[in-house]
Amino acid sequence: MELELHSTYSGPIVDGYGENYITISGKRVKNTFLLFPDKLHEIKSESDDAIINIVKEYKNKIDLLLYGFSSQNLNKDVLNKIKNIKLSVEVMNNLAACRTWSVLVGEGRAVGALIFIK
């Protein structure tokens, strides 16, 4: 049996990842970022308010937010603020979040991802 995937998705794609970086549509990202089906938002300032404001902007456009972190940077304050705005959140490590993102957007799901690189 031969399978072919014909995706109509044209938004940001996770191309790869390594220690302290993730490649999104050919661009190596080394800072915290928010990824949505139509846009990549790099967070230069690690400001909780900047993150929450962007999440609020997309709250009604997504069904789920993947929260990715490395072993040393789970930001419980941001996680609690996201939960307080009544958005479903799944917490996992960065690599699992990248793989899950790829599967879900490939299925056409309305999903976002918040990835803390450092």
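How much space lies in the largest cavity? About 30 Å³ of space lies there, a cavity being a set of points on a 1 Å grid over the protein atoms alone where a 1.4 Å probe fits but cannot get out. This is a predicted model, in which local features need pLDDT of at least 70 and side-chain atom pairs count only at pLDDT 80 or more, while totals for chains, interfaces and linings use all residues. Residues are numbered from 1 along each chain as its sequence is written, and side-chain values use heavy atoms, with hydrogens and water left out.

**Nonpolar cores**

- The largest nonpolar core has 20 residues, and Leu34, Tyr67, Ile82 and Leu114 are those with the most contacts inside it; such a core is a set of buried Ala, Val, Leu, Ile, Met, Phe, Trp, Tyr and Cys residues joined through side-chain atoms within 4.5 Å, where buried means under 20% relative accessible area, exposed over 50% and partly exposed in between (1.4 Å probe, protein chains only).
- Strand S4 (33-36), helix H1 (48-58), strand S6 (64-69) and helix H2 (76-84) each supply at least two residues of this core, with helices (H or I, at least four residues) and strands (E, at least two) taken as DSSP runs numbered from the N terminus.
- The largest share of this core, 5 residues, comes from H1.
- Leu114 has contacts (heavy atoms within 4.5 Å) with residues including Phe33, Leu34, Ile51, Tyr67, Val78 and Ile82, when residues up to four places away in sequence are not counted.
- A second, separate core has 19 residues, among them Ile22, Leu35, Leu104 and Ile117.

**Cavity and pocket**

- The count comes to 1 cavity of 30 Å³ or more, where grid points are joined across faces, edges and corners and a volume is the space filled by probe spheres set on the points.
- The largest cavity is lined by Val14, Phe33, Leu35, Ala97, Cys98, Trp101, Ala113 and Ile115, lining residues being those with an atom within 4 Å of a point.
- S4, H3 and strand S8 (111-115) each supply at least two residues of that cavity lining, and H3 gives the most, with 3 residues.
- By class, the lining of the largest cavity has 8 nonpolar, no polar and no charged residues, where Ala, Val, Leu, Ile, Met, Phe, Trp, Tyr, Cys and Pro count as nonpolar, Asp, Glu, Lys and Arg as charged, and the others, Gly among them, as polar.
- The largest pocket, an open set with protein on both sides within 12 Å along at least five of seven lines, holds about 210 Å³ of space.
- Strand S2 (21-24) and helix H3 (94-106) are the elements that give two or more residues to the lining of this pocket, which has 5 nonpolar, 6 polar and 1 charged residues.

**Salt bridges**

- The whole structure has 2 salt bridges, each a side-chain nitrogen of Lys or Arg within 4 Å of a carboxyl oxygen of Asp or Glu.
- Glu42 and Lys27 meet in one of them (2.5 Å, N to O), and this pair links strand S5 (residues 39-42) with strand S3 (residues 27-29), the two residues lying 15 residues apart.
- Lys44 forms a salt bridge with Glu42, with the closest N and O atoms 3.5 Å apart, and Lys27, Glu42 and Lys44 are linked in a network.
- Glu42 is partly exposed at 22% relative accessible area, Lys27 is partly exposed at 43%, and Lys44 is exposed at 63%.
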